[in-house]
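Here's a quick look at a surface patch and a helix pair. Have the model open and follow along.

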Amino acid sequence: MASKITDAANAAEGNLDDPKNHLPSWLFVEDIDAQHLYIDGKPVYPNVLPIVVMLFQPEGALDIQRQTQQAERIDRDIRSVIGPVADQVQISCIMLDVPGDHCGGSGAIWRLPQIAAIAGFQHLTHLVKAA
């Protein structure tokens, strides 16, 4: 499942061709006991198996069309992996834009043009050239 989510993120970002561009794509998996999840004050387990995918992306990196495609692909790919229980699964994609001055790594703050260069965002090459 992790590789499917990562592939969906890379496809939305347009950086499938070069594995070195995948280094900024980190995936964290946290297993939360479904018995601890409630909707409207009622336990969802065993009727619903929740999966929550939270995506943190630099503000402006993905437009609504790319975000929609990413959410659709993540939903489809997760369901293909889990197989027979797919009908019981509720998948939520939460996409959070991280403001440009709040992204960093290796002791530096990265702006969108730098992130686009590092991650290989094909749809943002104009920002890289202008920087």
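In which strand is Phe56 found? Phe56 is in strand β3, and Val52 has its place in β3 too. Strands are DSSP runs of E with at least two residues, helices are runs of H or I with at least four, and both are numbered from the N terminus.

This is a predicted model, where local features need pLDDT of at least 70, side-chain atom pairs count only at pLDDT 80 or more, and totals for chains, interfaces and linings use all residues. Residues are numbered from 1 along each chain as its sequence is written, and side-chain values use heavy atoms, leaving out hydrogens and water.

| Residue | Relative accessible area | Class |
|---|---|---|
| Phe56 | 56% | exposed |
| Val52 | 53% | exposed |

Both belong to a nonpolar surface patch of Val52, Met54, Phe56, Ile94 and Leu96, with about 460 Å² of accessible area together. Patch members have over 30% relative accessible area and no salt bridge, and nonpolar side chains are joined within 5 Å. β3 (49-58) and β4 (89-98) each supply at least two of the residues, with the largest share, three, coming from β3. Val52 and Ile94 sit 42 residues apart in sequence, yet 7.5 Å apart C-alpha to C-alpha.

Now the helices. The axes of α1 (residues 2-13) and α2 (residues 64-82) come within 9 Å and cross at roughly 160 degrees. That makes α1 roughly antiparallel to α2 (angles over 145 degrees count as such).

Notes: Patch = residues over 30% accessible without salt bridge, like charges linked within 9 Å, V, L, I, M, F, W, Y side chains within 5 Å. Areas by Shrake-Rupley, 256 points an atom, 1.4 Å probe, with all protein chains shown as cover. Salt bridge = Lys/Arg side-chain N within 4 Å of Asp/Glu carboxyl O. Buried < 20%, exposed > 50% of the residue type's maximum accessible area, 1.4 Å probe, protein only. Axes fitted to C-alpha atoms, helices over the stretch in contact; angles between N-to-C directions. Parallel < 35°, antiparallel > 145°, perpendicular 65-115°, else oblique.
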